[in-house]
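Dear colleague,

Please have it open while you read.

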Amino acid sequence: MVSQNPKGVLLTKIENKIATLEFGHPASNSFSSDLLNRLTNELQVLSANPAVSVIVLKSSGTGAFCAGASFDELLSVTNLAEATEFFSGFANVINAMRSCSKIIVGRIHGKAVGGGVGIIAACDYVFATIDSSIKLSELSIGIGPFVIEPAITRKIGKSAMAELALASYEWKDSEWAKNKGLYAKVFAGQVTLDKELARFNSELASYNPEALLEMKTILWEDTENWENLLNERAAISGKLVLSDFTKNALRQIKK
């Protein structure tokens, strides 16, 4: 199935119990609210599909994995309701990944910023290339990684999350991300990554679906409050993105 429009592309392919879910956007695979909503809906559809045992989440192209939130859309919001709704899009995706009945394997081929790092953290297992550096730049533009923080902290711990968020100008390389637990495996290039990814997913898809579901449930224990927590965090980000500080910072970056 292909879902395509100027706000981004979403492609789903199902083969041998493995669903490959690919998102893309011409602006370095950034997320518009429309693309976030479509990704949430597709994750829910795949979660209910008995023909799927494993979901591979990837992005398009060979450049950045994900540039996070769409700066154009952040600049266009004019009130708290609009701003909160936009950040709720990330909350909804992460909650859809959390509550999905299938194991989600991330395929990361390049740099990730902000919300892209949150999406990576919400995967159950992650393959990455050596080029897959990460950065949380939110504080530098006057907001913060509040919606995605629970997902990232769950994976790498509070101290590493603080290191990543407070040094908002600093890229952390793939070795750092692997050592902290964000990535399970790192490869020299995409060819090797895809070979190992295919082998891993084929093996995983051969397992008992009920056992995989129980494993997924255990992996996400004690996150039941995220349905409310992440939306509360979205309201915080929504308020901050309307500030003069953030609007000016975004305009400077756009220039």
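What volume does the largest pocket have? It comes to about 390 Å³, and please keep in mind throughout that this is a predicted model. Of the 16 residues that line this largest pocket, K13, E15, I18, T20 and V56 are the closest to its centre. The elements that contribute two or more residues to that lining are the strands β2 (8-15), β3 (18-24) and β4 (54-59), together with the helix α8 (190-205). The largest share belongs to α8, which provides 5 residues of the lining. Sorted by class, the lining of the largest pocket holds 6 charged, 6 nonpolar and 4 polar residues.

The second largest pocket has a volume of about 330 Å³, and of the 24 residues that line it, the closest to its centre are A69, G114, G115, S137 and E138. Helices α2 (71-76) and α3 (80-99) each give at least two residues to the lining of this second pocket. By class, its lining divides into 15 nonpolar, 7 polar and 2 charged residues.

I then turned to the aromatic rings. A pair of aromatic rings is described by how far apart the centres are and by the angle between the planes. Counted in this way, the model contains 10 aromatic pairs. One of them is formed by F31 and F90, whose ring centres are 5.9 Å apart and whose planes stand at 85 degrees; because an angle over 60 degrees counts as edge-to-face, this pair is placed in that group. The pair joins distant parts of the chain, since F31 lies in the loop between β3 and α1 (33-47) whereas F90 belongs to helix α3, 59 residues away. Are these two residues buried or exposed? Both F31 and F90 are buried. They also belong to a cluster in which ring pairs link F23, F31, F65, F86, F87 and F90.

With best wishes

Note on methods
Residues are numbered from 1 along each chain as its sequence is written. This is a predicted model: local features need pLDDT of at least 70, side-chain atom pairs count only at pLDDT 80 or more; totals for chains, interfaces and linings use all residues. Side-chain values use heavy atoms; hydrogens and water are left out. On a 1 Å grid over the protein atoms alone, a cavity is a set of points where a 1.4 Å probe fits but cannot get out, and a pocket is an open set with protein on both sides within 12 Å along at least five of seven lines; lining residues have an atom within 4 Å of a point. Grid points are joined across faces, edges and corners, and a volume is the space filled by probe spheres set on the points. Helices (H or I, at least four residues) and strands (E, at least two) are DSSP runs, numbered from the N terminus. Ala, Val, Leu, Ile, Met, Phe, Trp, Tyr, Cys and Pro count as nonpolar, Asp, Glu, Lys and Arg as charged, and the others, Gly among them, as polar. Rings of Phe, Tyr and Trp (its six-membered ring) pair if their centres lie within 6.5 Å; planes under 30 degrees apart count as stacked, over 60 as edge-to-face and the rest as tilted. Buried means under 20% relative accessible area, exposed over 50%, partly exposed in between (1.4 Å probe, protein chains only).
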